[in-house]
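Take a look at the model below.

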Amino acid sequence: MGTSSRCGEGIGCAATAKHAESRACLVPCNPVTKYVFVTGGVVSSLGKGITASSLGRLMKARGLRVVNQKLDPYINVDPGTMNPFQHGEVYVTDDGGETDLDLGHYERFTGQSLWRDCNVTTGSVYLSVLNKERRGDYLGDTVQVIPHITNEIKDRIRRLGDRDDIDVVIAEIGGTVGDIEILPFLEAIRQFRNDVGFRNVAHIHVTLVPYIGPSEELKTKPTQHSVAELRSRGIRPDAIVVRSDRPIDEGVRSKISLFCDVGAEAVISAPDARDIYEMPLILHDHGFDQVIIDMLGLRTPEPDLTKWRRMVQGAFAATRTVTIGLVGKYTVLPDAYLSVVEALRHGGLANGVRAEIRWIPAEEMDGLFGDPHLDGLDGILVPGGFGVRGIEGKIRAVTHARTNGVPFLGLCLGLQTAVIEFARNVLRLSEANSTEFDPMTHHPVIDLMERQQGVSNKGGTMRLGVYPAKLSKGSLARELYGEELIYERHRHRYEVNNRYRKDLELAGMRLSGISPDEHLVEFIELPSHPYFIGTQAHPELKSRPLEPHPLFTGFIAAADRYRQDAEREAGVEAPGSRLEAADTPAAR
């Protein structure tokens, strides 16, 4: 089991009970891994992921070593082949795991990089059990949901808790109580408390208390029914996080406590927040983390939320805005670009501005009259994606950015469209394209690498996870990162065709980041442009509110300069334009 780090006196905190009670102990003293399970009821999208993420942030602020996990009921092995319109973005971990987007929330809130074991799906559980059955691991047993499926689920949870560097595992169960597909997960976590001990497990239930306008009442009945359903599965919640559009009063809290058999102090109000990053502060102010700490018998100092509060205050204090055009093919579902949106917000935080996003459907720009979508933008971002739909619109957006000096950031497919656009309009290779979109193109400036040719498995051609890149001295990329060798997460199949590298460079495009073996192009930029950079990676996946990614920080800074220059030319002084650099949240 995990043991905590050494305390201020240099003695292992778990060494003696006496020392654990000493005032000199500056860090948590908890020799046994604890487990917190987060379930939801009534409706989906109530905020289980934000609740689990916020608890992770609060526990880390107390000095605990925390890992978050998502248990998802869908039968896909992972989200890698799922439609972004249905599931939102696919979040990629350092080790190449294609996971649920909630892992992005976990990482952004806790600042900790997760790995593929932190996402468990029904499909992956059944696949593992069936593979074991085929190998004869069950010695001829009849394989059943109980105990074989539930044991596999418990093993996936224990796999995290058995690490020496983990004090608390926070596992969120996807879906809502009452969904037929989550029953094996509920049974597994019911058994788990018996397996590891009552004091080592806490159950949190997130539920809805709607406000009925005509009667001007907050209604607790949905919460009562949801808790009754959970208890029918053998799980009694230790705390209830109440989601509503307004704070609940003591009368509502007492009613939920009475009917749901939960202490009044463990009924936590979680009203709608102005910003999701405010939720840890709201929950802490309502005593949420202290309730869970006490339930688990943990010993910790009070959380240090100084930097987090300053970051949230900085977000509210920003008066200047920049308008960023996000040119994509899944713009009707913003969750498809969730990490990009958050990274833009982080870049705004670092510069003391708010990044306002204009969602531009790429396919609407394929025709002759696409440019009006781009009027008034301070920056253009082309994100990753797959498939030919909307490609010509993205290329048109790149042309607008390149020829008008508008700050541009290309991510993955965004780099590829920038190379295609440059090849067509600067190298004059009018048929330049990617073989993903035109397999017969005469100028495949973007192509599959030789080792990927002929692979039919959709996951088999992907470059997934963290890869290194060497940044050229004197390049914008090197300036932004501040170091030569960097590591970014990837999720793509096609690459810049090495046959065209020399021609691109001779025409003015700088290939500013190359793989250490010099085989793959990782970054491109235009030195003659105020800010024009693309990367084959997905840097948005490593951006954090307390540690904004340098590409996004630089992009928003360039967009802010572009807007202020335009306003000066028009004779308008930007709000907050006299704000000194030292007064920005990043500088503080």
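**A walk through the model**

At 3% relative accessibility, Cys 412 counts as buried, because buried means under 20% relative accessible area, exposed over 50%, and partly exposed in between (1.4 Å probe, protein chains only). This is a predicted model: local features need pLDDT of at least 70, side-chain atom pairs count only at pLDDT 80 or more, and totals for chains, interfaces and linings use all residues. Residues are numbered from 1 along each chain as its sequence is written, and side-chain values use heavy atoms, with hydrogens and water left out.

On a 1 Å grid over the protein atoms alone, a cavity is a set of points where a 1.4 Å probe fits but cannot get out; a pocket is an open set with protein on both sides within 12 Å along at least five of seven lines; lining residues have an atom within 4 Å of a point. The structure holds one cavity of 30 Å³ or more. About 50 Å³ of space lies in the largest cavity. Such a volume is the space filled by probe spheres set on the grid points, which are joined across faces, edges and corners.

Now turn to the largest pocket. How much space lies in it? About 1,000 Å³. It is lined by 40 residues, and the closest to its centre are Ser 45, Leu 46, Leu 101, Asp 102 and Asp 335. Helix α2 (48-61) gives the largest share of the lining, four residues. Among the other elements that each supply at least two residues are β2 (66-72), α4 (102-110) and α13 (338-351). Helices (H or I, at least four residues) and strands (E, at least two) are DSSP runs, numbered from the N terminus.

Gly 314 sits in helix α12 (residues 306-317). Is Gly 314 buried or exposed? Gly 314 counts as buried, because its relative accessibility is 7%. Its C-alpha atom is separated by 9.8 Å from that of Asn 351, 37 residues apart along the chain.

Val 145 lies in helix α6. Val 145 counts as partly exposed, because its relative accessibility is 37%.

Cys 260, at 0% relative accessibility, counts as buried.
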